[in-house]
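My entries follow in the order in which I looked things up.

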Amino acid sequence: SSSRRLTARLNAIVRPHTRAMDLSNVTFVGPPLDPSSSILPALPNSLVSLLRQLNGFILLNGALHVRGLCSQPEWHSLSSSFTGALALHTLYDALLESDIPFAQDCVADQFILRDGCVYKLEAETGVLSSLSLSLAEFFVAVEADPTGFLGMQPLLQHQRDGGSLQPGQVLHVYPPFCTHEAAQGVSLKAVPIDEAMSFLSNFARQVSGLASGEQVRVKVVA
């Protein structure tokens with residue numbers, strides 16, 4: 001099948017970089033790499049090597065989205081998230097202009113490359129934490145425990161409820177996981193990535209600096 005062919009291709013490309021990678025369930029592959037991309041010189045060799053052969057991809061029906069070097073679709077464009085009008089470093093104070101937002105998970109938490117190390121940005125709170133992993137080690141961790149490492153539980157719940165994520169979508173979680181109210185249950189909805197990032201970055205700004213237990217009012221506009 002086309003899925004098996006994509007998996008075999010991805011394995012052949014990534015395995016030399018990770019020594020033990022075995023990715024499966026590739027559900028989207030980006031268009032050919034744009035060699036004229038202005039950000040190409042800013043990317044580390046490990047990422048460029050991967051993108052030259054497979055220009056970004058989505059795994060496990062939305063559990064992980066690795067961005068590619070392209071102008072379209074814009075939601076897949078690493079350039080857009082790195083240096084575009086809505087670059088992630090303009091949305092989150094914790095990010096530097098040089099940080100490379102190479103991937104995201106199903107709820108739009110971002111994976112960032114900084115000085116060869118992978119960091120995770122929690123999109124709801126804007127908290128940035130080092131995973132103490134190289135890019136190759138990151139993919140090994142994905143393969144070893146995708147459900148736990150990528151926090152796939154919301155996606156699995158959404159799928160059990162009959163939902164799915166299309167390429168270009170992430171899950172909108174309400175109320176946000178970081179709130180006390182989320183312990184009583186959340187609703188999950190597939191939304192476009194740009195819509196999710198607009199809401200999440202604004203929410204992160206509102207909750208920044210709040211002490212535990214402080215209240216914040218979220219106004220939902222239809």
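I began with α8, and I find that its buried residues (under 20% relative accessible area, with exposed over 50% and partly exposed in between, for a 1.4 Å probe and protein chains only) pack against β3 (64–66), α4, β4 (100–105), β5 (110–114), β8 (169–174) and β9 (187–192). I take packing here as contact, that is, heavy atoms within 4.5 Å. Helices (H or I, at least four residues) and strands (E, at least two) are DSSP runs, numbered from the N terminus.

Before going on I noted that this is a predicted model, in which local features need pLDDT of at least 70 and side-chain atom pairs count only at pLDDT 80 or more, while totals for chains, interfaces and linings use all residues. Residues are numbered from 1 along each chain as its sequence is written, and side-chain values use heavy atoms, with hydrogens and water left out.

Which residues of α8 are buried? I list I193, A196, M197, L200, S201, F203, A204 and V207. They cover an arc of only 165° around the axis, so they lie on the same side of α8; the arc is that of the directions from the helix axis to the C-beta atoms. I also checked the length of α8 (residues 193–207): at 1.5 Å a residue its 15 residues should span 21 Å, and the end C-alpha atoms are 21 Å apart, which agrees. The expected span is 1.5 Å times one less than the number of residues.

I next looked at α7 (residues 153–160), where P154, L155 and H158 are the buried residues. Their arc around the axis is only 100°, which puts them on the same side of α7, and they pack against β8 and β9. After α7 comes G162, with a positive phi near 95°.

In the loop between α7 and β8 I stopped at P167, which counts as partly exposed because its relative accessibility is 38%. Leaving aside residues up to four places away in sequence, P167 touches F28, I58 and W75. P167 and N61 are 106 residues apart in sequence, yet 8.3 Å apart in space, C-alpha to C-alpha.

I then turned to the spaces, using a 1 Å grid over the protein atoms alone: a cavity is a set of points where a 1.4 Å probe fits but cannot get out, a pocket is an open set with protein on both sides within 12 Å along at least five of seven lines, and lining residues have an atom within 4 Å of a point.

The second largest pocket holds about 380 Å³ of space, and of its 17 lining residues the closest to its centre are S80, L86, I193, D194 and M197. The largest share of this lining, seven residues, comes from α8.

How many cavities of 30 Å³ or more does the structure hold? I find one, and the largest cavity has a volume of about 40 Å³. S81, F82, L88, H89, L95, L96, D99, P101 and I112 line the largest cavity, with α3 (78–83) and α4 (88–91) as the elements that give two or more residues to the lining.

Last, for the whole chain, I noted eight helices and nine strands, with buried residues making up 45% of the 222 residues.

Conventions
Grid points are joined across faces, edges and corners, and a volume is the space filled by probe spheres set on the points.
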